[in-house]
Amino acid sequence: MSPIFDAKEVAQHNNGSSCWVILYGKVYDVTDFVSAHPGGANVILKWAGKDATEEFDPVHPPGTLEENLKPQALLGSINSASVEEARRQVDPSVQLEQDPPMHSLLNMDEIEQLATKKLSKKAWAYYYSAADDKITKSLNTQAYRSILLRPRVFINCTECSLETLLMGNKVSLPIFVSPAAQARLGNPAGEAGIAEACRSLGALQVISNSASMTPEQIVADASPEQSFGWQLYIQDDRSNSEKMIARVNKLKAIKFLVLTLDTPVMGKREDDQRFGNVISDITEASSSEGSKEKMEKKVFAGMDPSLTWTETLAWLQERTHLPIVLKGIQTHEDAYIASLHRSQVKGIILSNHGGRSLDTSPPAVHTLFEMRKYCPEVFDKVEVWVDGGVRRGTDVVKALCLGAKGVGLGRPPLWGLAAGGVEGVKRTLQILADETKTCMRLLGVQRVEQLGLHHINTRMLEQQVYDGPSGLGTCRAQFASKL
């Protein structure tokens, strides 16, 4: 029987001469590994004598311990009660509370509130953060509130179906999971847990380029009818992107690629900086402008700022047989240009990256309305999806009425995962599915494709939407060869 250690005993081994850490309820002697750690000795020494699971788990795939530590480094198990007692001594407010059952949570706000209580400050900051003053993050949700619904009566709405096609793939919901990084910050089930929930509800999932699990791990238990997209950031070193594309091409469950364009450089996210996430760690570690640039490229190597319509799309099409979807369209002009490249581009996602890139950029519903006003023909040429700010089923319906085929969720599945693991994500999707059905039935609608502009009043929204020159003449001239 392996030894069981008390937290106080482990805490005594807190330096480079004797460095113990707690990981997943086990005690490891990592003294010999400190100097060899790829991230530097200070990263480990910061957690010497402590439980480092929350810091370690989200950024290290399964098998990392076995690959880097000798078998004798595992000393034994930790007395979990002593860990909680140590935490209470540091912070008397820490209490062991029983989670409420998932079915008792009634909306996205309640799920987020529970998740916030359970997450570390660092993890919460990563999920919650947005650029600058978070105006766009807030406006993403507020914009839906400015659209009013127009219910109809005396229509048989006994039956109501949410089934639809997204990029030609049959799904049970017009709601999809948008790419969001580091799911294991919220729960060890990670992106595979989200995939399990999507399988249960028949929803589509777009996997983040910065997922905390490999694509193979995430789709391993997918059902034959389950569909995934893979988000792609094209890196400065194109060979790295080519290797990832080649891997994804081999996975039958992944049906299309989503090239994200709305973050050629990182936005300023102060919550991340305040709680020591990777963004602020980069700044603090920089001793000069040169070293800062070098570290930024190491951590955010996915964001090549030199992408162009002509060069990048041709490069990508040569390397994959999968349909290409462009994510991050925020103006009707770019939506129109995408439609000119429809031999390469099969869909677009109107998105401002959850308000995490450029603050005061428009919410997706504004761009939807712009397209309706300036270039409605785009809806017949490429598939149009949206994400950002969706918190109610009524939001989903309003986006569908404006012409979106799919409506994405970014933060809500992460909050659900943090609140209750796989069951939390299922509850998140179920709430929105139920609300969407209720809304459709009260509008007198039985099927998703019946929703249209006649079901909504957008007069308040119109006051906020861009009303300047169309700019389409310039677009036509620039890409005349595509016409």
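The lining of the largest cavity comprises eight nonpolar, four polar and one charged residues. (Ala, Val, Leu, Ile, Met, Phe, Trp, Tyr, Cys and Pro count as nonpolar, Asp, Glu, Lys and Arg as charged, and the others, Gly among them, as polar.) This is a predicted model: local features need pLDDT of at least 70, side-chain atom pairs count only at pLDDT 80 or more, and totals for chains, interfaces and linings use all residues. Numbering starts from 1 along each chain as its sequence is written, and side-chain values use heavy atoms, with hydrogens and water left out.

**Cavity**
- A search of the whole structure returns one cavity of 30 Å³ or more. (A cavity is a set of points on a 1 Å grid over the protein atoms alone where a 1.4 Å probe fits but cannot get out; lining residues have an atom within 4 Å of a point.)
- The largest cavity holds about 70 Å³ of space, the volume being that filled by probe spheres set on the grid points.
- Its lining has 13 residues, with Val-177, Ser-178, Ala-180, Ile-194 and Gln-205 nearest the centre.
- Helix H9 (190-201), strand S10 (204-207) and H19 each supply at least two lining residues. (Helices, H or I with at least four residues, and strands, E with at least two, are DSSP runs numbered from the N terminus.)
- S10 gives the most, with three residues.

**Helix H6**
- Met-108, Ile-111, Glu-112, Leu-114 and Ala-115 are the buried residues of H6 (residues 108-118). (Buried means under 20% relative accessible area, exposed over 50%, partly exposed in between, with a 1.4 Å probe and protein chains only.)
- Down the axis of H6, these buried residues fall within an arc of 165°, so they line one face of the helix. (The arc is that of the directions from the helix axis to the C-beta atoms.)
- Gln-113 and Lys-117 are exposed on the other side of H6.
- Cover for the buried residues includes helix H7 (121-128) and helix H19 (411-443).
- Asn-107 caps the N-terminal end of H6, with a side-chain oxygen 3.1 Å from the backbone nitrogen of Asp-109.

**Leu-442 in H19**
- Leu-442 sits in helix H19 and counts as exposed because its relative accessibility is 58%.
- Leu-442 touches Pro-151 and Arg-152, leaving aside residues up to four places away in sequence. (Contact means heavy atoms within 4.5 Å.)

**Thr-312 in H15**
- Thr-312 belongs to helix H15 (residues 309-317) and counts as buried because its relative accessibility is 2%.
- A polar atom of the Thr-312 side chain lies 2.9 Å from the backbone nitrogen of Thr-308.

Note on methods. Polar contact = N/O pair within 3.5 Å; in protein donor to acceptor, adjacent residues only side chain to side chain. 1 Å grid on protein atoms, 1.4 Å probe; cavity = no way out; pocket = protein on both sides within 12 Å on 5 of 7 lines; lining within 4 Å.
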